[in-house]
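Morning, everyone. I'll keep this brief. Please have the model up on the screen.

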Amino acid sequence: MKGDLLIRWTEPDSRALPLLEQLHPAAVWLPWQEASQAQPFLEACRKIGIRPIAELAAANEGLLAQVRQAGFQGAALAADDEASLRSLIARHRELELYVFLKPDQIHWRIEPAHAVLIAGLWPGGRYPDPSLASATETPWLDANSYLVAWLRALFPNREALLGYRPDEEAGVAKDQRVPYSSVELAFADAAAAGGNWVISLPEHYRRALLAGEAGALEAWKLLANTAGFVGQHGDGFRQPSPARVVVAAGELEESGEILNLLYRHSVSPAVVSRDAIPGFGERRILVAVAVAKHPDAIRAALEFARAGGKVLTAPVTEGEPAWWVGPQSRKSGEEPEREFYELGQGTIIAYREPIRDPGEFALDVIDALGWRTRDLRLWGTAAVIGILHRQPGGKRSVELINYAGRARDFLVRLEGAFTRATLRLPGVQPQQLRALPYGSGTEVEVPALGRLASLLLA
């Protein structure tokens, strides 16, 4: 069921059925208190191939029995205890179960249930001062692609599934009316990174759809186009990153903001767990911040440097041991915030204190790789993030997500030689663009972008 479109709808209203048919979700989630008497709606969903899922306030044996009897095919629930949850799941394997997990619970073993990470900010671009919003003002981007990368690295056998909603926990104030188009953005934000998001509509958007408001219906049409586009190209979005920067990810509180800012700068790193650090070769830069308590990860990081790579590391907390200092490493320089050590054919760049500014650290990572020869760079837009994927036959794709309005006439540069560029957009035919060699890379001018596009280079 990887890549299934999932949507949460808060009322079993028959007026929603034509809308859901346009979107073609695999499952619709209904809050139990609203759906316990929703037999006609449930039956209609099943007839058009949509699995009804009951959303429960908590894991409860009695409620799960009622869910099954009511005609639901599954349930979504939260729990406070891993052992009792696993026992409950084992007794209800006939149901399609989803479990809401916080970051400190995400390691729970809940198979065959599906893990839903309750984390993330409602995506979009924010300007420091709305009166300054212009073509030249740089917005702050709220994006969640790094969460998908983190989940895929630590749990490769799970679907990377996000479950945040337009509420205060996601940065949306109670009286705030987020744009209808931000739902499409939230979906594209997760999908382009190879993950999924349980579509959750702001109530004002849902009511406007049922009322037939033109703006809401147009946004819904665009969402349906993007959903179809993801259904067509989603396998490519789940391919690995070819980036020469690799991040050894720890817990979310250790690695989250570093990953966030690396993705924000379109570094699009390969992300691995600490026990899967690759050797030096295709990967040239290793970010190893959360490894001090993990001997195997330390050995792998030292070997990465010894073979010729650059390793950037920093303590997570004050007083961590300097694991890079040893008889085979030689201090070769220092700056106010960091020291440089030579080891074998490579270099270790060690920060004296925990990373206080992940944005500046991301720029240091780019500098270590080389600004002119970085894997991916975007010019002429501050609101678009690019995510790199390796495709079969030596091809590359860049998934482009626009977080603030429409983007026009911006430049994409990839390291490497490519001769063909195809821009794929939701709802329109692919466009052939010029792929121009520039130094050791290839440049492509993108004429326009809605919320999501995929640039394929060969």
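Predicted model: local features only at pLDDT ≥ 70, side-chain atom pairs only at ≥ 80, totals over all residues.

Seven strands form an open sheet, in the order S13-S12-S14-S15-S18-S17-S16. The pairing in this sheet is mixed. Which strands stand at the edges? They are S13, residues 270–273, and S16, residues 329–334. Each has a single partner strand, so one side of each is left without a neighbour in the sheet. Neighbouring strands of the sheet are turned by 25° against each other on average, if you ignore direction.

Strand S12, residues 245–249, runs parallel to S13, and four bridges join the two.

Next, the helix pair. H10 spans residues 252–264, and it packs with helix H6, residues 145–154. The axes of H6 and H10 are 8 Å apart, and the angle is about 125°. The crossing of H6 and H10 is right-handed.

Who meets whom? From H6 come Ser145, Tyr146, Leu147, Ala149 and Trp150. From H10 come Leu252, Gly256, Glu257, Leu259, Asn260 and Tyr263. By type, that contact has seven nonpolar residues, three polar and one charged.

S22, residues 407–415, pairs with S19, residues 376–379. S19 and S22 run antiparallel, with four bridges. Within that pair, Arg377 stands opposite Arg413 in S22. S22 also pairs with S26, residues 441–449. That pairing is antiparallel too, over eight bridges. Here the bridge partner of Ala407 is Leu449 in S26.

Last stop, the glycine. Where is Gly195? Gly195 sits in the loop between helix H7, 181–191, and strand S10, 196–197. Is Gly195 buried or exposed? Its relative accessibility is 11%, so Gly195 counts as buried, the cut-off being under 20%. Leaving out residues up to four places away in sequence, Gly195 touches Val148, Ala160 and Ala190. Pro269 is 74 residues from Gly195 along the chain, and their C-alpha atoms are separated by 16 Å.

That's my tour. Over to you.

Methods:
Residues numbered from 1 in each chain as written. Heavy atoms only, no water. Buried < 20%, exposed > 50% of the residue type's maximum accessible area, 1.4 Å probe, protein only. Contact = heavy atoms within 4.5 Å. Axes fitted to C-alpha atoms, helices over the stretch in contact; angles between N-to-C directions. Left-handed = near helix turned anticlockwise from the far one by under 90°. Nonpolar A, V, L, I, M, F, W, Y, C, P; charged D, E, K, R; others polar. Pairing = 2+ DSSP bridges.
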